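Please read it alongside the sequence and the coordinates.

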Amino acid sequence: MSSQNIYILGIESSCDDTAASVIHNGKILSNVVANQKIHEAYGGVVPELASRAHQQNIVPVVDQALKKAKITKEQLSAVAFTRGPGLMGSLLVGTSFAKSLAYGLNIPLIDVNHMQAHILAHFIDEEGFKKPPLPFLAMTISGGHTQIVKVESHFNMKVIGETIDDAVGEAFDKSGKILGLGYPAGPEIDKRAKLGNPKAFSFTKPKVEGLNFSFSGLKTAILYFIQREVKANPNFIRENLNDICASIQYTIIGILIDKLKLASKQTGIKHIAIGGGVSANSGIRQALKDGEQKFGWTTYVPKFEFTTDNAAMIAIVGYLKYLENNFAEQDVMASARLKI
């Protein structure tokens, strides 16, 4: 097939969203996501329910992606899928489907690292969005991961800092649970933070050497703070919710920016990109933008729909790997703890 006519189907099923996307020569033609609302009642993702929902959703989602792209499956050049990391049962659904489809169509199969995909989402051709020049620093922040990655090339990446306990998304969700907010709590905290005073309450930042992160101590500090204040005033949360949310978010953002500043100083790299679901947070986006004036950074933030788990990022990695003839064998296995 000519290099001017490459169609890649991307399939993402690492957690609780079933997604499929078609990319044509680097430009996204479709990006379909089926969300699973069932987990909200449990305050977190239930792996068994997630994998069952993926089984129900994957065929109609792929069908919709092909229809929106206005192509048939016979026009596909390759099938790309998330190999890991993620929930094993969820990954198996996407892996099995992708392998079967590629085999049936007799086209290449491409395995994708979910964390690399969050970073390489910046290379999707999208009007109004610039691509970071190599090398650059990427901060990947999500419900399950918090990493700073030095990116030398598309497939030469090194994790130079990561969380030693909770991920940043967990810090938001666990804080939200303490405050009686729903799941996921991140968007609600972000919304309320805009209405509150970020310096109303002070929380100590965890002291972690180097470029690694820790958020479990912050969660504990917030818990004890709330318990103490509610004991003195049973209406404390209701009366101060916006200020509490603003103060929590301010502290979390401060931790992230401090580590980014250190990473930039140590590497000498001033091109900073973010990815992952938590990068949708407006406060984090603003703090990164402010860093351009304060620290001389050039920052890169992907289009909102490419920040949370989606198949467009899987498709772009598939496209880049296709250009390098970097294909997987049919015996490739899903890996729940796949590393960059």
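K205 counts as partly exposed because its relative accessibility is 36%, where buried means under 20% relative accessible area, exposed means over 50% and partly exposed lies in between, using a 1.4 Å probe and protein chains only. K205 forms a salt bridge with D258, the closest N and O atoms being 2.9 Å apart; a salt bridge here requires a side-chain nitrogen of Lys or Arg within 4 Å of a carboxyl oxygen of Asp or Glu. This pair links distant parts of the chain, since K205 sits in the loop between α5 (186-193) and α6 (216-232) while D258 belongs to helix α7 (residues 236-267), 53 residues apart. D258 also counts as partly exposed, at 36% relative accessibility.

The model is predicted, so that local features need pLDDT of at least 70 and side-chain atom pairs count only at pLDDT 80 or more, whereas totals for chains, interfaces and linings use all residues. Residues are numbered from 1 along each chain as its sequence is written, and side-chain values use heavy atoms, with hydrogens and water left out.

## Other salt bridges

A search of the whole structure finds 13 salt bridges. One of them joins the side chains of K174 and D166, at 3.1 Å from N to O; K174 is partly exposed at 29% relative accessibility, whereas D166 is buried, with a relative accessible area of 9%.

Another joins the side chains of K303 and E305, at 3.4 Å from N to O, and here K303 is partly exposed at 26%, as is E305 with a relative accessible area of 34%. Salt bridges that share partners also join R83, D111 and K321 into one network.

## Helix α9

Helix α9 (residues 312-323) has 12 residues and reaches 17 Å from its first C-alpha to its last, close to the 16 Å expected at 1.5 Å a residue, the expected span being 1.5 Å times one less than the number of residues. Helices are DSSP runs of H or I with at least four residues, strands are runs of E with at least two, and both are numbered from the N terminus. Just after α9, N325 takes a positive phi of about 55°.

Because 11 of its 12 residues are buried, α9 is largely enclosed by the rest of the structure. The buried residues include M313, I316, Y319 and K321, and the buried residues of α9 pack against β1 (7-12), β2 (18-24), β3 (27-34), β4 (78-84), β5 (109-113) and α3 (114-120), with contact meaning heavy atoms within 4.5 Å.
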